[in-house]
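The sequence and structure are shown below.

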Amino acid sequence: MSIRLGPEQENTGFDKALGEYFQTIPVLETRTILVDGKHEAVQPVSTDDSIVKIVSYVPFGSKYKLTLRGVGPGIADVVWDTSTARRDRSKCLEVAVRPVRYIPTGFSYVTLSGGRQTSRTIGSVDTMILDANRILQPQANVKIIKMSEQICDLSAGGAALSLDGKNNILALARHIGGWRIQNQIARKEFEVFFVPELEAKAGNSDTTQAATYESVKTCFYEDDVSPLDEGAVLAHEMCYAYGRSGHTNKSGQLMYKSSTKTFVPKTLADLLNPI
Ligand SMILES: [Zn+2]
């Protein structure tokens, strides 16, 4: 049996080809999924109606259309075969019903000493947030909320600040601490600083688009992330702030390095929005 994205589900990430029979549904929302395969004629059942309810299961062309409703927070299975004592994962869809988790985020536009500054301007982040939430919301019910936007002028910082190499980035982070105090800018849960150019290692060619420090939930994000999807990069970086370390070798997933793919596997959804 295979279960594929339904027409209403573009980009929700539920796709057998990516290795999981798993679906997140926000509390009190419905999701429709296309199902096909040899077990399709069997009416599926929910193992816990107080978590997920089957609204309908109807033929749809050569497939079946399964509509589910998230009732309350928790994890339950939708099963096509209840007879097997040891449940066959290929006949079972795990459903996590999650309340929304908001990530209050501050966005700052950095000017370095020497007047070198990001080419981004206040307001330009809105499309990026929308694109990031288009990935995060359906798959983990996580939503980035813009709490503030401000210019972060470090041009009077004295010593030349560079964004080439980890030590320099950490030095910049210290300068930002001073800027915060001076301008009475409160920390938000997650912080994004737009900078003109960024390299994780000194002398690198343009390989780094962003760097995120989990301990301070702070992301440095460069202007030129082309040809990557900016929303996907923001969502990818946010995952580091919430405990993800390193990349995956699975190329369809959000945490694949330099990928525009957006699939959020169960382990990542659980990290971002634990039930
Ligand atoms: Zn990465």
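## Basis and overall composition

A residue is called buried here if 20 or more other C-beta atoms lie within 10 Å of its own, with C-beta atoms placed from the backbone. The model is predicted. By the burial criterion, 36% of the 275 residues of the protein are buried.

The protein has four helices and 13 strands. Among contacts with a separation of 6 or more, 67% are between residues 24 or more positions apart.

## The five-stranded sheet

Five strands form an open sheet in the order S10-S9-S11-S13-S12, and the pairing is mixed. Strand S10 (142-153) and strand S12 (210-213) each have a single partner strand, so one side of each lacks a neighbour in the sheet. On average, and with direction ignored, neighbouring strands of this sheet are turned by 20 degrees against each other.

Strand S9 (residues 101-111) and S10 run parallel and are joined by eleven bridges. Within this pairing, Ser-108 has Gln-150 in S10 as its bridge partner.

## Helix H3

Helix H3 spans residues 230-241, twelve residues in total. The distance from its first C-alpha to its last is 17 Å, close to the 16 Å expected at 1.5 Å a residue. H3 lies across S9, S10, strand S11 (190-195), S12 and strand S13 (218-222), and runs at about 20 degrees to S12.

H3 is mostly covered, with ten of its twelve residues buried. The buried positions are Gly-231, Ala-232, Val-233, Leu-234, Ala-235, His-236, Glu-237, Met-238, Cys-239 and Ala-241. Just after H3, Gly-243 adopts a positive phi of about 105 degrees.

## Packing of H1 against H3

The axes of helix H1 (residues 126-140) and H3 come within 7 Å and cross at roughly 65 degrees. This crossing of H1 and H3 is right-handed. On the H1 side, the contact is made by Met-128, Leu-130, Asp-131, Ala-132, Arg-134, Ile-135 and Leu-136. H3 contributes Glu-230, Gly-231, Ala-232, Leu-234 and Ala-235. The residues of this contact comprise eight nonpolar, one polar and three charged.

## The four-stranded sheet

A further open sheet has four strands in the order S2-S8-S7-S4, also with mixed pairing. Its edge strands are strand S2 (22-26) and strand S4 (45-46), each of which pairs on one side only.

S4 and strand S7 (residues 74-79) run antiparallel and are joined by two bridges. Ser-46 stands opposite Val-78 in S7.

Definitions and conventions
Residues are numbered from 1 along each chain as its sequence is written. This is a predicted model: local features need pLDDT of at least 70, side-chain atom pairs count only at pLDDT 80 or more; totals for chains, interfaces and linings use all residues. Two strands pair if DSSP finds at least two bridges between them. The expected span of a helix is 1.5 Å times one less than its number of residues. Two residues are in contact if their C-beta atoms, placed from the backbone, lie within 7 Å. Axes are lines fitted to C-alpha atoms, for helices over the stretch in contact, and angles run from 0 to 180 degrees between N-to-C directions. A crossing is left-handed if the near helix is turned anticlockwise from the far one by less than a right angle, and right-handed if clockwise. Ala, Val, Leu, Ile, Met, Phe, Trp, Tyr, Cys and Pro count as nonpolar, Asp, Glu, Lys and Arg as charged, and the others, Gly among them, as polar.
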